[in-house]
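Let's take a walk through this protein together.

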Amino acid sequence: MSAPTHHRSKTLATWIAVVGGALGLHRFYLHGFRDVVGWLHPLPTLLGLWGVLRVQTYGQDDRLAWVLLPLLGVMVTVAMLSAIVYGLTPDEKWAARFYPGEPVQPTGWGPVLGVVVALMLGAAALMSTIAYSGQRYFEWQIERSRADSR
């Protein structure tokens, strides 16, 4: 006899990924608190938030913030990608995975709107992370060449 399955809403999973995905909340909703991948989300997200606080406290020249801030951008991007994948998964495939044997429930526009929001937030987070990391890398190269030429 197989273990009982619990119905998992595709709409709710999509929106949880949009709102709290950087902390792994979508993984805990779908797979429970024993999900190892879900527990890998909070630490880099919190380190990235610490980087934001360091920039606010010490300014843009804080080198530790240079390393920490991109972690937040990456985690937000990963969460938005998860929301996009969840929202675009066909209802039949979702039903087969998360509530097999039950009738397929059409989801409507909820996941689609979540995907639209996730695309906007994910694109902004990814572009910002790339721009910030690139800028800091080239500033570091300039500082290094100035120090070498002294």
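How far apart are the mean positions of the positive and negative charges of the protein chain? They lie 4 Å apart, for 12 positive and 9 negative charges. Here Lys and Arg count as positive and Asp and Glu as negative, with His and the chain ends not counted; each charge is placed at NZ of Lys, CZ of Arg, CG of Asp or CD of Glu.

A word on the ground rules. This is a predicted model, where local features need pLDDT of at least 70, side-chain atom pairs count only at pLDDT 80 or more, and totals for chains, interfaces and linings use all residues. Residues are numbered from 1 along each chain as its sequence is written, and side-chain values use heavy atoms, leaving out hydrogens and water.

Now the build: the chain has seven helices and zero strands, counted as DSSP runs numbered from the N terminus (H or I, at least four residues, for helices; E, at least two, for strands). The C-alpha atoms fill a box of roughly 75 × 30 × 25 Å along the principal axes.

What about the inside? Of the 150 residues, 37% are buried, meaning under 20% relative accessible area with a 1.4 Å probe, protein chains only. Beyond its neighbours within four places in sequence, Trp94 is in contact (heavy atoms within 4.5 Å) with residues including Arg8, Ala13, Leu30 and Tyr86.

Notes: Buried means under 20% relative accessible area, exposed over 50%, partly exposed in between (1.4 Å probe, protein chains only).
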